[in-house]
Amino acid sequence: MCTLYKCVVAICFASLFVTGCKEKEKEKAVNEPVMHDTATRDTAAHEPHTIIEDNNLYADVDISPMDMSYFPAKYPQMKIADPDIAPPVMRVIYSRPHLQGRKLFEEILKYGQTWRLGANEATELNIFQPVTIGDKKIPVGRYTLYAIPKAGYWTIAINNSLDQWGLKQDAARDVVRVQVPVTYYNPVMEYFTMVFEKTDTGANLIMAWDDAVAKLPVKI
Amino acid sequence: MKRVFLFLFFAFLSTSVLNAQHWAPVDKSPLDQIYFPADYPSLKIKGTKEPLRMRIIYSRPNKNNRPIFGSEIVPYGKVWRLGANEATELNLFTDAKIGGKKVPAGRYTLYALVSEKSWTFIVNKETDTWGAFKYDPSKDVCRVTADVKALDKSIESLTIDLEKSAGGVNLVAGWDTVSATLPILF
């Protein structure tokens, strides 16, 4: 009987050790955030599995790398498959901050405080065909986007002050503001993620980070 | 007591399983943008009066110890997207002159036809496309050939710099051990 206890205790400690190691691996992954290939984006033909190093001698990869999402989703790939495809409707260009072990609220964002919906430069919304956001007609053009998150809803602002760092917003240049509900307990996103999903009336701009998801409806 | 240990054992087991979480990966050739004037977004919130001229939006592949030019990554004599993923995009916010040709403000794509001694930069009208897979020369706006310059040190990530020149901007593209320059006048 005593041997059995010893055995169980030993297994428990072994399990603890394994858990500890995994924590370390996770930390490492957080500190070296740029990793792995993806199924959807390619680089050049036949690129082997690669890891981008930090402390790159010439140009570090930004800790919050830039990305862009089109509507229709993956429009550039669709275009090379179908040259006669209709023009794209819109796209967002944004930088993708990541949690790195922090909780989104209140360690990164504060309720009621303006957030650039990204990192670095102000997040950009390009409208290629006229759309309607919150009952306001949005003509073709370039805009910036920012949010004022609150516990139950986020206020999303479309603004026409462009090409600027995302820390300073001029509400006087807002084109429209829309309140959208936010849900929690969704699958946790390590990196802030924006993608468009098709809806019956147009598209939703999905904004997901940590376990929070907000959707901005766009009528097309 | 035995039950407690067993409970603990399974508790630890489940924690280690939960730790095996998969996070959304970041692109291995991250997107980047470069403005002229350089760092324009930062300058703008500090109140710069300089006019915004242009921007390049491109993905930055890495060398990763691979041979780049003349290899299967950037073969000689084939049009290359001068980046990764989507075709590299050139935004002109004012009219410009490239290779002696007037190019009105607008969105364009930028490609390069690379050989050992020279690169031909190509400005094209077809935007929002993926790579150079469906590159269409009939949509070219202009082509400019530039000599290849050998670099002392290798550049790990493809880098496009916009440098001030006498009449405008020199677009300098460098990767691995070479660079080439496309002059743009305003």
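In chain A, residues 24 or more positions apart account for 52% of the contacts with a separation of 6 or more; two residues are in contact if their C-beta atoms, placed from the backbone, lie within 7 Å. For chain B, that share is 55%.

Before going on, some ground rules. This is a predicted model, where local features need pLDDT of at least 70, side-chain atom pairs count only at pLDDT 80 or more, and totals for chains, interfaces and linings use all residues. Residues are numbered from 1 along each chain as its sequence is written, while chains are lettered from A and ligands numbered from 1 in the order in which they are written.

The model scores ipTM 0.80 and pTM 0.78. Then there's pLDDT, the predictor's confidence in each residue, from 0 to 100. Chain B has a mean pLDDT of 89, with 86% of its residues at 70 or more. Residues 13-23 of chain B are another story: pLDDT stays under 50 there, and the model has 11 contacts beyond four places in sequence for this stretch. Where pLDDT is low, the predicted coordinates should not be read in detail.

**The two chains**

Helices (H or I, at least four residues) and strands (E, at least two) are DSSP runs, numbered from the N terminus. A residue is buried if 20 or more other C-beta atoms lie within 10 Å of its own, exposed if 12 or fewer, and partly exposed in between, with C-beta atoms placed from the backbone. Here's how the chains look in those terms.

| Chain | Helices and strands | Residues | Buried |
|---|---|---|---|
| A | three helices, 11 strands | 220 residues | 30% |
| B | two helices, 11 strands | 186 residues | 38% |

Read along the sequence, chain A goes α-β-α-β-α-β-β-β-β-β-β-β-β-β. Chain B runs α-β-α-β-β-β-β-β-β-β-β-β-β from its N terminus.

Helix α3 of chain A (residues 104-108) is where you'll find A:F105. This residue has 15 C-beta neighbours inside 10 Å, so A:F105 counts as partly exposed. From A:F105 to A:P139 it's 34 residues in sequence and 34 Å in space, C-alpha to C-alpha.

**Strands side by side**

Strands of a sheet pair through backbone hydrogen bonds, either parallel or antiparallel. Here, two strands pair if DSSP finds at least two bridges between them. In chain A, strand β3 (residues 123-127) pairs antiparallel with β2 (residues 90-95) over four bridges, and A:R91 has A:N126 as its bridge partner in β3(A). β3(A) also pairs antiparallel with β6 (residues 141-149) of chain A, over five bridges. There, A:T123 stands opposite A:L145.

Chain B has an open sheet of four strands in the order β6-β5-β11-β10, with antiparallel pairing. Strands β6 (101-103) and β10 (149-164) of chain B stand at the edges with a single partner strand each, so one side of each is left without a neighbour in the sheet. Within this sheet, β5 (residues 96-98) and β11 of chain B share two bridges, and B:K97 is partnered with B:L185 in β11(B).

**The core**

A nonpolar core is a set of buried Ala, Val, Leu, Ile, Met, Phe, Trp, Tyr and Cys residues joined through C-beta atoms within 7 Å. The largest one has 77 residues, and those with the most contacts inside it are A:L145, A:L205, B:Y111 and B:A112. Its largest share, seven residues, comes from strand β11 (residues 168-185) of chain B. Leaving out residues up to four places away in sequence, B:A112 touches B:W80, B:L82, B:W119, B:T120, B:F121, B:I122 and B:A173.
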